Amino acid sequence: LEDSSNGAGSVPATQEPQIIERIPAEYPADAARNGIQGAVDLSFLVSPQGDVRDIRVVHSEPSNIFNRAAVTAVRRWKYLPKTINGVPVEAQVQLRVTFRLDTNTKG
């Protein structure tokens, strides 16, 4: 029998989802042209296969400017799923997608 205590080198009992493929969000052209920056807070599920689903916008600032771009990008992200005792399980994730213009590229 293996020692199930959490000693050095053992796998933690619960491993939270970890992103392995992050697709950058496309900056909306109108927002970029008008110098608008912002952020979108999203809540979604990561499946046991590492896919993102059931994405909801929790909050966005400014409202509705970046929602579609954020959701479209995050929908394509891939995760290592949450595991409990080595078994992949569905997990709820919340994160912020930030939209910032690079001030060095104007002109």
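Let me begin with the largest nonpolar core, which has 19 residues, and in which Leu 42, Phe 44 and Val 74 have the most contacts; by nonpolar core I mean a set of buried Ala, Val, Leu, Ile, Met, Phe, Trp, Tyr and Cys residues joined through side-chain atoms within 4.5 Å. Two or more residues each come from β3 (38-46), β4 (52-61), α2 (67-75) and β8 (91-99), and α2 gives the most, with five residues. Helices (H or I, at least four residues) and strands (E, at least two) are DSSP runs, numbered from the N terminus.

A word on the source: this is a predicted model, in which local features need pLDDT of at least 70 and side-chain atom pairs count only at pLDDT 80 or more, while totals for chains, interfaces and linings use all residues. Residues are numbered from 1 along each chain as its sequence is written, and side-chain values use heavy atoms, with hydrogens and water left out.

Val 74, leaving aside neighbours within four places in sequence, is in contact (heavy atoms within 4.5 Å) with Leu 42, Phe 44, Val 52, Ile 55 and Val 97.

Finally, Ser 47 lies in the loop between β3 and β4, and counts as buried because its relative accessibility is 4%. With neighbours within four places in sequence again set aside, Ser 47 is in contact with Arg 53, Pro 81, Val 89 and Glu 90, and its C-alpha is 8.7 Å from that of Tyr 79, 32 residues apart in sequence.

Terms used: Buried means under 20% relative accessible area, exposed over 50%, partly exposed in between (1.4 Å probe, protein chains only).
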